Amino acid sequence: MTHSANLILAVSLIYVALLFCLAWFVDRRAARGRERWLHSPVVYTLSLSVYCTAWTFYGAVGSAARSGLEFATIYLGPTLVFVGWWWLIRKIVRIGRTHRITSIADMISSRYGKSGALAAIATLVAVMAATPYIALQLQSVTLSFEVIIGGGAEHDARIAFWTAVGMAVFTILFGTRTLDENERHYGVVAAIAAEAIVKLTALIAVGMFAIFGISGGLPESLSTTLTAANFDESVFGSRWVTLLFLSAAAIICLPRQFQVTVVENTSERQLVTASWMFPFYLLLTSAFVLPIAGAGLATMPSDANPDLFVLTLPLSAGKQELAILAFIGGFSSATSMVIVSTIALSTMVSNHIIAPISMWLLSLRREEQSGDVMRVLLMTRRFAIVAVLGLGYLYFILTGGSGALASIGLIAFCGVAQFLPSLIAGIFWRGATKAGAMSGLLTGFVLWTYTLFLPSFDGTFILSAETIRDGLFGIGMLRPHALAGFTGADPLVHATFWSVGANAAVLILVSLFTRLSPLERLQGTLFVDVFRSEPGQTLGVVRRSAATEDLFILAQRILGRDAAAALFASAARAQGKTSGLPDPSPAFISRFERELAGSVGAASAHAMVNRSAGGETISLTDLMDIADEAAKLMRTSQALAAKSREAEHTAAQLRAANERLRSLDMQKDEFLSQVSHELRTPMTSVRSFAEILEQSPDLDADTRRRFAAIIQKESIRLTSLLDEIRDMSFLHEDADSVPLDDIDGEKVLDVAVEVALAASGGRRVAFNWGQRAGPVLVRAHADRLSQVFINLISNAIKHNNGPDPAIRIDSRVVDGAYEVAIEDNGPGIPEGLRERVFERFFRHSAAGGAGLGLPISLRIMQTFGGSIGLEPGRSSGARFIIRTPLASAGIPPPESP
Amino acid sequence: MRRKGTPPAPDPGEQALAARRLREIAFVLPFVGLALITPPIIHIFADSRTVFGIPIIILYIFGVWAALVLSAFRLARRLREEGDR
């Protein structure tokens, strides 16, 4: 029993309508910035499964039925590439995001000096290679439709035609509503992800049915496959390796794979997950292929088309619902491939072929309007979608739609593999040149066309059947399937060997003998070293000047008014301007070009910007900076060395500070123990005499008085010691808070001399004035200055134990300071101790106080900004010199005495 | 994002070495996979032996495949943790 055509049509249309609603809904949410789940790695991975087309859904089973395990190579190649994502895909994705790459052709042209010609050639190759692939989808939809409505497989051209028309309309509605500035299509990605689930579910359902409904268990289903497929070791020969290579190349180079893997990628996190999840998806898909093939071979008539087992198995078993699910699965694989493929190809056609032409035409017309280029590009994208599907339809008609699905797909794989040499050389070899890439690509393309593409028409298109059999002009060496007498190989192996091999060889040879232009060198370095260079750091290398107004007009024409205004406003803000247009710095022009490249491709953007900016110069020094790895390494190590020097310096400072703190701490401990010792001596004598007085009531009055006098004297000493200690700590705490005045130093000195002489306690001292400075204003504190004078004069009296003690005081103004010299004729201070007299508790002679007088005096003078020095006296004694800075204003002229 | 059980302050040198080894494994993995599924190694399993009724070559290819997916899964998790540090 079969289904009516109307039912199947209705189901297909409902399915397409649901997909469209999903895409529309997602696009709306994305526009409002609510697209977070779209960035999830799972959605990204599912969108990668656009790799699994109708070829997988129908053709893999056919391939397994015809040649056993060979089908697995198509999924093992991509598995290896994704498992090794760290090696290649990560780099391509990073480059794609950094340089706003829009397609595989854009990637290659951008790397080789943003060459427009190279981009156009690459586009041509991509369109040609996609043609059989799209024909394959049309063929599978046509066949499956014919089978499910109960007819034979007629390869009806009308069904294929309407399928193509439907898909074109669908893709135009889907993919070209806006010219997105990033070429990202959130709605499409969501729809593709949904289709990935649909097709996997359908395949698993049919697989389960084949295993348990028909074969009766897994081992049975698998062994029937292999016996029927006449499996032997020869499967794992050169064809096996070639297929692995082609599928690995295709997962990178197919325009639609590049679109979903690189262009639609939003973060490298997605890639990390896809590295295992995508191979897992492929594994799941492949796991059910063999059981279906086995069940089909066991139960279907021998003339049944194995490509349709997925559909005919449930149909012949009367499972109607399962058959419809299988049809939808196949339909969904075909539509997702066609949508993404045609979007990617139409982007390439409009950016690399139409945009340069339309820019030229529009500039002839001299009427420049906002968004006009954008409108032209959108229109061309729609036409390009129709054209690409039309070519696929033509291929289907010309080949009669009779080939095995897998063999048609492999023609496309070999075609896109021509991108591989330029791509790999471009991102790993700085020396690859534009001339090399272009000649390599052209060589490979011509060889592919001649050895694989044209012969696939079986003599109905350009090459006649005789030419295919006997070679061009009957020359045996030029036979398409045995070029240069290379016979005996499988046609696919033969074509792959010649086209990709010659492509790579020509690329390498021509690159070795041609020179890189500065722009190629720059782009080459940026691509090869994408992980080392900072994005934005290199923007200023290309030096151009342009009027910002011209650039703004250009931006309006391509991006539209609003997007252009937003771009320029953000650039102006980045330059620190609050209003108006940004300055046309080289960095801005390069950034602007990169933004445009996201819409129209690197080559067109470069040409457009240069038309406004005039010629460019590439700063050779900057270029050398980027290019010269050695210089870069040197700079890095220099920076490191500077950093470590800085660290060492800081560490040394810290060590010094630590030392200082530790010694201060030690000084403090020392001071405390000295203080307690100093306090202990008088306290001990006070206590002992007080005890004697208390315990001996029979002491005579004289002794009593003597002891009381000792107690009093010691108490006074204690008091003065405590005063000194208080002064000392006070000075330490408030060194800076002593209020300073402008005072007359001579007056202070006079008073101090009188006080000190009166306090000398009756010792006879000869006092002499030497030279006097006369009235002088100093900046100091009167009481404290006087304290210093009194202290030094009393010292001079106290320590002068000579037979004829004498003191002489001189004062003068010298070098902006008031200087007082106090000299005695005592024993003096030996040279080695001169420094130490200013230390705390240092006592030179037995007479006198605690040894705090001089340190306190020095400290006081330091708070005035003055000093105390010690010189040997003119005769035997010591000579202290006290210096106080003069007051800054109103210094009275010194009078000579 | 540090998993439970990792020491609070791992040696940075040790960590850098581990990260580097991880990247080297990620680098080598596809080549190991390639060697396993191409001649001559694959010929070892390309005959009519069966295990539980299933041809050994099918078990071998899908086994290598599953092992690759599993290794990639574990690597991806570790590499992402590295990236978070």
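How many salt bridges are there between chain A and chain B? The count is zero, where a salt bridge is a side-chain nitrogen of Lys or Arg within 4 Å of a carboxyl oxygen of Asp or Glu.

This is a predicted model, in which local features need pLDDT of at least 70 and side-chain atom pairs count only at pLDDT 80 or more, while totals for chains, interfaces and linings use all residues. Residues are numbered from 1 along each chain as its sequence is written, chains are lettered from A and ligands numbered from 1 in the order in which they are written, and side-chain values use heavy atoms, with hydrogens and water left out.

**Interface**

In the interface, 34 residues of chain A are in contact with 33 residues of chain B; contact means heavy atoms within 4.5 Å. The area buried between the two chains is about 3,100 Å², and carbon and sulfur atoms give 83% of that area. Buried area is the accessible area (1.4 Å probe) that two parts lose on being put together, summed over both. Three residue pairs, with both residues at pLDDT 80 or more, are in polar contact between chain A and chain B. A polar contact is a pair of N or O atoms within 3.5 Å; within protein, one must be able to donate a hydrogen and the other to accept it, and residues adjacent in sequence count only if both atoms are side-chain atoms.

On the side of chain A that touches chain B, at least two residues each come from helix 4 (73–83), helix 10 (218–228), helix 11 (238–253) and helix 13 (268–287) of chain A. Helix 13 of chain A gives the most, with eleven residues. By class, this side of chain A has 26 nonpolar, six polar and two charged residues. Here Ala, Val, Leu, Ile, Met, Phe, Trp, Tyr, Cys and Pro count as nonpolar, Asp, Glu, Lys and Arg as charged, and the others, Gly among them, as polar.

**Chain A**

Chain A has 33 helices and nine strands, which are DSSP runs (helices H or I, at least four residues; strands E, at least two) numbered from the N terminus. Of its 897 residues, 53% count as buried; buried means under 20% relative accessible area, exposed over 50%, and partly exposed in between (1.4 Å probe, protein chains only). Among the contacts in chain A with a separation of 6 or more, 80% come from residues 24 or more positions apart.

Helix 8 of chain A (residues 157–175) has 19 residues and reaches 26 Å from its first C-alpha to its last, close to the 27 Å expected at 1.5 Å a residue. The expected span is 1.5 Å times one less than the number of residues. Buried residues of helix 8 include Ile159(A), Met167(A), Phe170(A) and Phe174(A).

**Salt bridges**

Over all chains, the structure holds 17 salt bridges. Examples are tabulated below.

| Pair | N to O distance |
|---|---|
| Asp529(A) and Arg430(A) | 3.0 Å |
| Arg705(A) and Asp702(A) | 2.7 Å |
| Glu24(B) and Arg20(B) | 3.7 Å |

Asp529(A) lies in the loop between helix 23 (518–528) and strand 1 (542–543) of chain A, and Arg430(A) in the loop between helix 19 (419–428) and helix 20 (434–453) of chain A, so the pair ties together parts that are 99 residues apart in sequence. Asp529(A) is buried, at 3% relative accessible area, whereas Arg430(A) is partly exposed, at 32%.

Arg705(A) and Asp702(A) are three residues apart in helix 30 (residues 701–733) of chain A, about one turn of the helix, and both are exposed. Glu24(B) and Arg20(B) are four residues apart in helix 1 (residues 12–36) of chain B, a separation of about one helical turn. Glu24(B) is partly exposed, with 43% relative accessibility. Glu70(A), Arg239(A) and Asp490(A) are joined into one network by salt bridges that share partners.
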